[in-house]
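This report describes a single protein chain, moving from its overall dimensions to a few selected residues.

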Amino acid sequence: FAPLGDAVGLMPPPPVHVEPLMPAGPRQRRGGAMAFLLDIAPIFGWLRDYPVRSALAHDISGGVTLGCILIGQSLAHAKLCGVELIIGPYSCMLGPVLYAVFGTCIHSSIGTGALICLLVGEVLVEHGDSVEERSRIAPFLTILVGVILTLMGVCRLSGLVRFLSRPALSGFITASALLAMLSQVSPMLGLPDSAGSIQKVLLHQPERLLAVKWPTLLLSAVATGYLLSAKRLKQHPRLKPLGDFKELVLLGLGAAFCAAWDPPGLSQAECVEHPLCVKVVGRIEPGLPHAHWPRVGAGDWGLIHSMLPGACLVALVAFLTSFAGAKKFGLEDGYQIKPFNELIAIGMCNVGGALLGAVPTSIGNTRMGIARQCGVQSQLGANVFVSIFIALAVQFFTPCLFYIPMCALNAIILIGSSHMLEFAHAGYLLEFARHKEFGRDGRMDVLVWIVGFVSTLFLGAFKGIISAVVLSLLIIVLQVVNPHIA
């Protein structure tokens with residue numbers, strides 16, 4: 001499964017090749033309770049043999065690098081979910097530690113991701129009218145996702161993801177990414193939230209375009225251009241850090257610009273109305289979150305029940321994308337990835353993350369590549385040290401987020417979502433359908449892709465993917481009943 005664009009590439013100094021620390025092997029396995037413990041929590045097998053002298057420095061440097069990247073991304077992903085921005089970093093604190101205990105992939109980086117946040121945002125918008133309400137109910141959805149994944153692991157139901165065929169998933173992802181990109185255009189023009197999507201503005205309220213804020217528009221254009229040029233910057237040794245840490249650099253420079261540009265003394269409400277003011281993140285409560293289970297009120301049980309279908313979709317997509325990337329890296333580096341452990345690990349990440357008010361998280365496929373390039377040797381570097389770094393940043397540097405321009409976060413989401421567009425896969429299916437020997441099967445795959453794309457675009461994520469899956473199953477039944485004979 002191709003990387004889903006939930007992270008941004010980073011090319012650190014040339015990695016030093018050290019054999020990665022493998023999960024517990026046959027020599028480490030004992031009978032009885034110890035064997036069961038090692039099967040459930042592999043960390044008790046590999047941690048006791050951890051080569052401190054040869055691996056610790058690589059893990060610390062890799063953890064800091066991944067932490068810097070994840071801070072910027074998690075803020076943007078929280079905005080995509082429609083919750084308070086600080087929930088993004090909160091979501092990347094406890095989950096990575098729990099994955100290190102239960103997971104089997106050395107390079108897996110747990111955190112927020114664009115595709116999962118797209119789905120989460122759609123579910124939360126249906127049940128919460130304000131940012132505060134969506135932030136309150138987000139942990140309910142996270143617990144549901146975690147429980148579903150954990151139960152799938154206990155019941156050995158990893159094969160359920162096979163119902164999400166590649167054409168169905170591709171059409172669904174492409175439409176979801178396109179909707180996410182369109183949703184960022186209005187705020188990047190400086191239009192108020194009441195204006196709605198750019199489609200609504202163009203079709204029903206074109207006069208709203210007269211209210212475009214030119215400082216916001218220009219800053220959005222510069223931010224988008226910088227993100228698009230980051231890959232070229234990496235080719236120049238002196239400019240390479242600007243490409244490697246592009247989100248962090250963008251947020252830092254954007255904050256410096258807004259601190260100097262915005263008129264002093266204006267409140268957030270006054271800034272929204274001021275024609276020259278660029279909307280910023282504003283004050284975020286400093287300090288670490290207090291761990292507690294979400295409080296379920298009398299009317300929340302019906303809400304939880306109504307969120308269950310969306311939670312099932314988020315859980316299936318989270319596991320499918322996570323396991324595909326983990327399996328790829330396991331095959332390349334010569335260690336085994338177990339579906340049972342991955343389901344339990346990602347499930348526990350989300351159940352535990354709900355203690356801190358987190359949104360659902362998964363493995364970042366592109367961040368896995370970054371971890372390997374950084375020379376990460378164990379899950380201490382890929383997850384534990386990342387969690388520690390983010391917790392320290394939230395504790396001591398939260399006031400630095402005040403002047404971050406919202407349009408910069410919109411630009412990060414726009415470019416990240418563009419990496420998920422899979423029109424090229426649709427073109428491949430069309431080419432496949434033109435071959436006579438594969439004509440019928442190819443045409444069916446094209447039809448599934450189109451149904452997944454169109455239904456998601458007009459009916460929403462849940463109804464879109466269900467439509468594509470149902471059509472896929474009907475095609476399988478028809479092929480069994482009426483097999484093609486050459």
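## Basis and burial

A residue is called buried when its relative accessible area is under 20%, exposed when it is over 50%, and partly exposed in between, with a 1.4 Å probe and protein chains only. By that criterion, 54% of the 486 residues of the protein chain count as buried.

The model is a predicted one, in which local features need pLDDT of at least 70 and side-chain atom pairs count only at pLDDT 80 or more, while totals for chains, interfaces and linings use all residues. Residues are numbered from 1 along each chain as its sequence is written, and side-chain values use heavy atoms, with hydrogens and water left out.

## Overall architecture

The protein chain contains 23 helices and two strands, where helices (H or I, at least four residues) and strands (E, at least two) are DSSP runs numbered from the N terminus. Its radius of gyration is 23 Å, close to the 23 Å that the globule rule gives for 486 residues, so the chain is as compact as a globular protein of that length; the radius is taken over C-alpha atoms, and the rule is 2.2 Å times the number of residues to the power 0.38. Along its principal axes the C-alpha trace spans about 70 × 60 × 60 Å.

Contact means heavy atoms within 4.5 Å, and of the contacts in the protein chain with a separation of 6 or more, 80% are made by residues 24 or more positions apart.

## Surface and charge

The accessible surface of the protein chain comes to about 22,100 Å², and 69% of this belongs to carbon and sulfur atoms; such areas come from the Shrake-Rupley method with a 1.4 Å probe, and for residues only the protein chains shown count as cover.

There are 33 positive and 28 negative side chains, with the centres of the two sets 6 Å apart. Lys and Arg count as positive and Asp and Glu as negative, whereas His and the chain ends are not counted; each charge is placed at NZ of Lys, CZ of Arg, CG of Asp or CD of Glu.

## Cysteines

The structure holds zero disulfides, a disulfide being a pair of cysteine sulfur atoms within 2.5 Å. For Cys117, the nearest cysteine sulfur is that of Cys81, 3.4 Å away, and Cys117 counts as buried at 0% relative accessibility. Cys400 is likewise in no disulfide, with the sulfur of Cys68 its nearest at 13 Å, but Cys400 counts as exposed at 54% relative accessibility.

## Selected helices and a loop

In helix 5 (residues 94-102) the buried residues are Gly95, Pro96, Leu98, Tyr99, Ala100 and Phe102. Their cover includes helix 1 (32-40), helix 17 (339-353) and helix 19 (379-397), together with strand 1 (110-111) and strand 2 (362-363).

Phe172, in helix 8 (residues 166-183), is buried with a relative accessible area of 0%. Beyond its neighbours within four places in sequence, Phe172 is in contact with residues including Leu119, Val317, Phe453 and Ile465, and its C-alpha atom is 8.1 Å from that of Ala468, 296 residues apart along the chain. Gly254, in helix 14 (residues 246-261), is also buried, with a relative accessible area of 6%; not counting residues up to four places away in sequence, Gly254 touches Tyr403 and Pro405.

Arg156 lies in the loop between helix 7 (131-154) and helix 8, where it has a positive phi of about 55° although it is not a glycine. At 59% relative accessibility, Arg156 counts as exposed.
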